[in-house]
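Visitor: I'm new to this one. Could you pick a single part and walk me through it closely?

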Amino acid sequence: QKQGYDWYMRKEIFEQPRAVADTLLGRLNERGELILDEIRISPETLRRIDKIVIVACGTAFYAGLVAKYAIEHWTRIPCEVEVASEFRYRDPIIDPMTLVVTISQSGETADTLMAIRHAREQGAKVIAICNTNGATIPRESDAVIYTHAGPEIGVASTKGFTTQLVACYLLGLYLAQVRGMKYGDEIAALLRELERMPEAIQGMLDNQQQVLDLAREFVNEPSVLFLGRHVGYPVALEGALKLKELAYIHAEGFAAGELKHGPIALIREDLPVFVVVPPRGRDQLRDKVVSNIAEVRARGAKTIVLAEADDEEARAAAAVFIELPKLSTLLQPVAAIIPLQLFACELATVQGHDVDQPRNLAKSVTVE
Ligand code: M6R
């Protein structure tokens, strides 16, 4: 049931505070430690892992790209991310010391299933992050972390994505905890921050009007670009995918640092360019993204900037400014993707498309 919403997708966007809260439920004990009982791989085995390979498709692949930044930072285990359909065909280097993490909302995606079969044949351990109880992928994995998003009906993944991000963070923090890494205090702080995430998402949803107006303004645009850096880069890719799927317009996500290496040639007068700005940190990432905004603005693009509310420089460089809550850099994608989901949903609605059943797409791709 759509419960008064025009589309399942819109309903699912608005369910994200609850879905994220449910995915976090019961994961923390009273000592502030993370419990992931479902990881039925012994701590000894997890301590011996020397490489992590994440395989997934589409939106789940973008969740995996975010996970790479987080897992490598917290655990110092090298982590690769690969589109599942490419994985087994290149004879990947995996062995019993490799942990393969697979992410799939449906748990039935054929490319992903074939990738994990191949990984297990090579002796790797497989952990699935999945939203569907008892689906084939979790059944064929050594362990599973279920996201508790509830059924996702809209073909475009929304709450599937944000809960996958949360599950990836939990896995990364759990591995760091098991391996006794130096980030003990950081882990506790991040877990507390994750618990506040539903509230942060709700804040984004409560301010949706600005994004809806923007979608109406851009309804006839033939092309939209998305820029991001660090974990903002997969957010840019996912924002572009939503627009392609639903509105059938040319949309591309780029790593902002790549701009000068080619994509800047696409920038023209009035081109809508979304930019995800990282929080201020010790590195100069945020400053660099702010100067990227100036570069595209100078060429006449219409910059839609997503940044922390008190980032006055980013605000000054924006044609439209979308406020993000204060979050750690690694967790920012969970909030930053919300306006991009709303934007694509609304734009496609105004265009008169079927948002829940976009042309040529199936909810679950069960052939390779
Ligand atoms: O069920 P899965 O998570 O394995 O599906 C993977 C992709 O097919 C899926 O994310 C697809 O890209 C969505 N339509 C994105 O909105």
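Guide: Setting aside neighbours within four places in sequence, Thr-136 is in contact (heavy atoms within 4.5 Å) with Gly-107, Glu-108 and Leu-113. With Glu-108 there is also a side-chain polar contact of 2.6 Å; that term means a pair of N or O atoms within 3.5 Å, where, within protein, one must be able to donate a hydrogen and the other to accept it, and residues adjacent in sequence count only if both atoms are side-chain atoms. Before going on, a word on the source: this is a predicted model, where local features need pLDDT of at least 70, side-chain atom pairs count only at pLDDT 80 or more, and totals for chains, interfaces and linings use all residues. Residues are numbered from 1 along each chain as its sequence is written, and side-chain values use heavy atoms, leaving out hydrogens and water.

Back to our residue: Thr-136 belongs to helix α7, residues 136-139. Helices here are DSSP runs (H or I) of at least four residues, numbered from the N terminus. Thr-136 counts as buried because its relative accessibility is 13%, and buried means under 20% relative accessible area, exposed over 50%, partly exposed in between (1.4 Å probe, protein chains only).

For a contrasting label, take Gln-202, in helix α10 (residues 197-206). Gln-202 has a relative accessible area of 31%, so it is partly exposed.

Methods:
Helices (H or I, at least four residues) and strands (E, at least two) are DSSP runs, numbered from the N terminus.
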